[in-house]
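Student: Could you walk me through this structure, one feature at a time? I would like to learn how to read each feature in general and then see the case here.

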2 protein chains.
Amino acid sequence: MQKSVDPELACPVAPVVDIVFSRWTTPILWALHEFGRQRFVELERRLAGITPKVLTQRLRQLERDGLVSRTYHAEVPPRVEYEITDLGASLGPLFAHLSNWADAHLGEVEQARHSYDVGR
Amino acid sequence: MQKSVDPELACPVAPVVDIVFSRWTTPILWALHEFGRQRFVELERRLAGITPKVLTQRLRQLERDGLVSRTYHAEVPPRVEYEITDLGASLGPLFAHLSNWADAHLGEVEQARHSYDVGR
DNA sequence: CAGTATCCTTCCCGATACTG
DNA sequence: CAGTATCGGGAAGGATACTG
């Protein structure tokens with residue numbers, strides 16, 4: 001029995017979605033893009049509600065995908081800095097586009113939801 | 001009970017992500033955008049692997065958000081057609097941008113993953 | 001500080017069966 | 001055809017505690 005992977009293949013944007021739009025990844029990338037190089041604890045505080053476990057998981061994934069770089073400084077106490085890479089920064093225009101769409105159309109979505117919930 | 005609030009507020013693209021990049025939504029929107037108005041069973045066949053339950057769930061969500069319209073024809077057998085709305089179609093340029101990014105940079109991601117896995 | 005380790009819960013999703 | 005109902009499994013995510 002082979003699994004069906006057709007939906008992914010049929011949609012050219014699907015592969016990107018897994019990389020960029022997994023949970024917590026956009027806030028992390030945004031924070032690094034906006035506020036520059038940061039330490040682990042800074043990110044942890046900025047992304048209120050995230051646990052260190054999950055933050056580590058996501059940062060590792062982003063590092064593996066080449067969107068974020070990790071720099072370890074062997075000091076006491078240890079210091080680790082995360083920074084967005086050129087590849088990660090290349091998502092900037094895309095995020096801007098997304099943000100523009102939100103500004104332009106999020107109101108319509110809200111309105112549609114309300115109409116739907118009221119009962120059409 | 002309440003999910004992410006602060007990280008969403010901090011990141012202007014986060015709200016859009018929940019609407020557009022939930023599971024199965026991009027393949028569905030893509031199919032409707034590419035192949036036009038379709039019946040339930042057509043979508044079901046095109047999105048190989050999806051179950052009717054999940055397809056219904058996603059279509060309802062998309063309908064509620066105003067991205068997809070549902071038209072019921074009281075015939076025997078019943079006929080229901082789904083179509084992308086103007087609001088949904090307004091995502092077209094965004095998807096194109098996403099697709100372009102994939103073409104341009106997906107290779108770099110693959111390369112980064114390989115380097116990472118090898119251990120460098 | 002920068003994470004790990006462990007446990008636990010929840011939620012999504014797939015499979016299957018059934019209905020108007 | 002176009003769904004709904006029900007059940008169950010498994011992975012993501014949260015809470016908490018601990019280490020180099």
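Tutor: Gladly, and we can begin with helix axes. Axes are lines fitted to C-alpha atoms, for helices over the stretch in contact, and angles run from 0 to 180 degrees between N-to-C directions. Helices (H or I, at least four residues) and strands (E, at least two) are DSSP runs, numbered from the N terminus. This is a predicted model, in which local features need pLDDT of at least 70 and side-chain atom pairs count only at pLDDT 80 or more, while totals for chains, interfaces and linings use all residues. Residues are numbered from 1 along each chain as its sequence is written, chains are lettered from A and ligands numbered from 1 in the order in which they are written, and side-chain values use heavy atoms, with hydrogens and water left out.

Student: How do I read a pair of packed helices, and at what angle do α5(A) and α7(B) cross?

Tutor: Two packed helices are described by the angle between their axes and the distance between the axes. Here, the axes of α5(A) and helix α7 (residues 92-118) of chain B come within 8 Å and cross at roughly 115°. Angles under 35 degrees count as roughly parallel, over 145 as roughly antiparallel, 65 to 115 as roughly perpendicular and the rest as oblique. The helices α5(A) and α7(B) are therefore roughly perpendicular to each other.

Student: Which residues make that contact?

Tutor: Contact means heavy atoms within 4.5 Å. From α5(A) come R60(A), E63(A) and R64(A), and from α7(B) come A112(B), R113(B), Y116(B) and D117(B). For residue classes, Ala, Val, Leu, Ile, Met, Phe, Trp, Tyr, Cys and Pro count as nonpolar, Asp, Glu, Lys and Arg as charged, and the others, Gly among them, as polar. By class, the contact of α5(A) with α7(B) has two nonpolar, no polar and five charged residues.

Student: What is the angle between α3(B) and α5(B)?

Tutor: In chain B, α3(B) and α5(B) pack at about 75°, and their axes are 10 Å apart. These two helices, α3(B) and α5(B), are therefore roughly perpendicular to each other. T25(B), I28(B) and L29(B) of α3(B) meet L55(B), R58(B), L59(B) and L62(B) of α5(B). The contact of α3(B) with α5(B) counts five nonpolar residues, one polar and one charged.

Student: Now the sheet, please. In what order do the strands of chain B lie?

Tutor: Two strands pair if DSSP finds at least two bridges between them. The open sheet in chain B has three strands in the order β1-β3-β2, with antiparallel pairing. Its edge strands are β1 (38-39) and β2 (68-73) of chain B, each pairing on one side only. Two bridges join β1(B) to strand β3 (residues 79-84) of chain B, and Q38(B) has Y82(B) as its bridge partner in β3(B). Between β2(B) and β3(B) there are six bridges in the antiparallel sense, with Y72(B) opposite V80(B) in β3(B). A hairpin is formed by β2(B) and β3(B), with five residues between them.

Student: Which strands does helix α3 of chain B lie across?

Tutor: Helix α3 (residues 25-35) of chain B lies across β1, β2 and β3 of chain B and runs at about 90° to β3(B). Helix α5 (residues 52-64) of chain B also packs on the sheet, where this helix touches β2 and β3 of chain B and makes about 110° with the direction of β2(B).

Student: Finally, the DNA. Which residues come nearest to DNA strand D?

Tutor: A residue is near a molecule or strand if one of its heavy atoms lies within 4 Å of it. There are 18 residues around DNA strand D, and R23(A), K53(A), T56(B), R70(B) and Y82(B) come nearest. Sugar and phosphate make up 73% of the atoms of DNA strand D that come within 4 Å of the protein. The surface near DNA strand D has nine nonpolar, one polar and eight charged residues.

Student: What does K53(A) approach on DNA strand D?

Tutor: A polar contact is a pair of N or O atoms within 3.5 Å; within protein, one must be able to donate a hydrogen and the other to accept it, and residues adjacent in sequence count only if both atoms are side-chain atoms. K53(A) places a polar side-chain atom 2.5 Å from a base oxygen of DNA strand D. For V80(B), a backbone N or O atom lies 3.1 Å from a phosphate oxygen of DNA strand D.

Student: And which residues are closest to DNA strand C?

Tutor: DNA strand C is surrounded by 19 residues, the closest being R39(A), R70(A), Y82(A), R23(B) and K53(B).
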